[in-house]
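Try each task on your own before you follow the worked solution.

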Amino acid sequence: MYRDSNSFIALMSGSKVFLQQVLALLAKDLKTERRTREIFTSMFVFAVLVLVVFNFAIGADPELIRQVASGVVWIALLFATVLGLQRVGQLESEEDSLQGVLLALRDRSALFIAKMIAQMLYLLVVVICILPLCGIWFRINFIACLGELCLAFALGILGLSIVGTLFSMIALHTRACEVMLPVLFLPVSIPLTIAAVYATAQLIDGKSLSDISDYLVFMGVFDVVFFVLTLIVFDYIVED
Amino acid sequence: MQKLWSIIRSSIFHAIIMYVSMIIAIYLVFIYAPTEKMQGIVQKIFYFHVSSAITMFFAFFVVCVASIMYLWKDSDWWDAVALSAAEIGVVFCTLVLITGPIWARPIWGTWWSWDPTLTLTLVLWLIYVAYLMLRIEVYDPKRARFAAILGIVGFVDVPLIRWSVEKWRTLHPKPVLIQEGGTTGLPFAMWQTFVVCLVAFLLLFFYLLRERVSVAQSRHALEGLRHEIDEILAG
Amino acid sequence: MRSTRSLQGKMGEPMEKNFWYLFAAYSTIWTALCVYMIRLSQKNKELQAELRDLQAQIARVLTK
């Protein structure tokens with residue numbers, strides 16, 4: 001209990017060292033990614049594949065496709081998140097860099113926040129890339145509601161990153177980690193999925209921000225709850 | 001007085017009152033409780049179905065509390081309680097998911113109607129089956145810790161899942177009900193029956209918990225012994 | 001044994017069919033619980049066997 005109050009204090013007071021550590025970790029991950037572009041590519045390609053295959057699976061009726069478009073996009077994002085996290089985990093266990101990083105950190109939740117932000121950024125780029133494709137394939141006019149969509153996607157992606165990072169750190173330690181990550185991640189994030197899909201769907205349908213406000217508030221609550229929860233338990237995950 | 005207390009705490013006594021309460025519950029369900037006019041005899045499934053559901057929620061609550069206590073106190077007993085409660089919770093969860101459709105089919109005409117509570121139960125089933133999967137690996141101190149985290153996260157998720165599933169449900173047309181089979185406004189005799197069923201199920205839960213915890217603890221103790229012996233043989 | 005064939009439930013279905021649902025529900029509950037309790041007893045037996053095994057091992061180590 002003393003440990004997590006430390007994280008809170010560090011976070012709330014914007015402790016310089018803490019922020020510096022977060023940014024340093026983030027920079028390291030992003031630099032690696034910028035060189036290889038492995039993670040983003042795999043996430044993006046997989047998301048596109050999901051979109052295309054769903055298109056074929058659902059059929060040629062454009063009205064039907066339009067109705068399920070929101071769901072399909074978020075499914076693509078869910079699977080892209082799982083894939084991205086698995087790749088990150090794989091890379092890290094290959095290099096075995098986690099132990100070294102943990103020793104260097106005074107407050108270990110910096111690792112969680114850095115990973116979470118990194119995952120968010122990857123997902124953000126994926127979303128930016130696939131939205132135009134969705135607009136074309138599913139015949140959806142995203143431009144009309146772009147601002148509100150950004151908010152909905154931001155809240156959703158944040159939630160996916162938080163829950164995903166939490167479970168990826170747990171799943172890494174298990175034997176069947178490729179299986180455990182989706183098995184843990186998908187059920188727990190069902191509430192977020194539901195809210196995100198229907199918020200997006202209603203925005204596409206032309207509803208305004210106030211119509212979906214309860215979904216957005218819910219997503220915000222979900223994000224906050226899981227963020228706080230992960231901060232509290234993170235030390236238990238990484239300490240030996 | 002000591003002897004009386006030790007008798008009350010014993011496993012046999014527990015088994016007896018559990019058995020007796022279940023027999024009374026069965027009598028009340030099949031003979032004492034009036035048959036509901038609208039749904040007919042199938043309505044009697046409700047007594048055990050809802051009792052299982054409440055026991056399941058209670059079991060997962062126990063998992064959460066035991067997980068928190070385990071992380072805090074680092075005690076094997078709390079870990080054993082968490083694991084046992086999760087296992088028994090999954091058993092009751094499965095029962096809810098099976099008896100629900102069996103009840104729904106004659107009443108509503110469909111096996112599954114995405115009713116919010118049943119959907120919540122389904123999601124919980126997925127989460128706690130994942131918990132058991134996480135545990136299936138060989139005993140390892142860290143494994144228990146991860147499971148404890150999942151135990152806490154899973155239960156905290158419950159209100160979130162409930163809200164979202166209810167909201168989701170309002171978007172879908174409800175199935176055309178053949179009967180409006182509600183359980184509101186139960187006659188008193190049915191309430192009595194239900195309460196007794198619930199008590200019987202909770203006693204059953206605690207009995208199973210007790211046995212399962214003792215199995216888990218025996219296993220921990222045995223593994224500890226094995227390690228000691230290996231060390232003695234090696235050193 | 002009262003004949004139930006003549007009774008009609010509100011839904012127009014013979015009461016007999018609904019008895020089967022009731023039976024199915026309660027049998028499932030009883031089966032699941034029995035399976036679980038049998039599994040527990042078996043685990044217990046395995047643990048007892050392991051315990052005897054270990055005790056034999058200890059005895060051997062001590063006599064060495």
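Two residues count as in contact if their C-beta atoms, placed from the backbone, lie within 7 Å. Keep in mind that this is a predicted model, with scores of ipTM 0.85 and pTM 0.87.

**Exercise 1. Describe where chain A and chain B touch.**

Step 1: Start with the counts. Chain A brings 21 residues, and these are in contact with 24 residues of chain B.

Step 2: Find the elements on the side of chain A. Helices α8 (177-188), α9 (190-204) and α10 (213-238) of chain A each supply at least two residues. The largest share, seven residues, comes from α10(A).

**Exercise 2. Does the radius of gyration of chain A agree or disagree with that of a compact globule, and why?**

Step 1: Look at the secondary structure. Chain A has ten helices and zero strands.

Step 2: Compare the two values. A compact globule of 240 residues would have a radius of gyration near 18 Å, and chain A has 18 Å, so the two agree.

Step 3: The C-alpha trace of chain A spans about 55 × 35 × 30 Å along its principal axes, and buried residues make up 45% of the chain.

Step 4: Check the contacts in chain A with a separation of 6 or more. Residues 24 or more positions apart account for 81% of them.

**Exercise 3. Which residues touch the most other members of the largest nonpolar core?**

Step 1: In soluble globular proteins, nonpolar side chains tend to be buried together.

Step 2: Name the residues. Of the 157 in this core, they are L77(A), L184(A), V63(B), A82(B) and C197(B). The element that gives the most to the core is α4(B), with 19 residues.

Step 3: Follow one of them. Beyond its neighbours within four places in sequence, A82(B) is in contact with V63(B), A66(B), S67(B), Y70(B), A148(B) and G151(B).

Key. Residues are numbered from 1 along each chain as its sequence is written. Chains are lettered from A and ligands numbered from 1 in the order in which they are written. This is a predicted model: local features need pLDDT of at least 70, side-chain atom pairs count only at pLDDT 80 or more; totals for chains, interfaces and linings use all residues. Helices (H or I, at least four residues) and strands (E, at least two) are DSSP runs, numbered from the N terminus. A nonpolar core is a set of buried Ala, Val, Leu, Ile, Met, Phe, Trp, Tyr and Cys residues joined through C-beta atoms within 7 Å. A residue is buried if 20 or more other C-beta atoms lie within 10 Å of its own, exposed if 12 or fewer, and partly exposed in between; C-beta atoms are placed from the backbone. The radius of gyration is taken over C-alpha atoms; the globule rule is 2.2 Å times the number of residues to the power 0.38.
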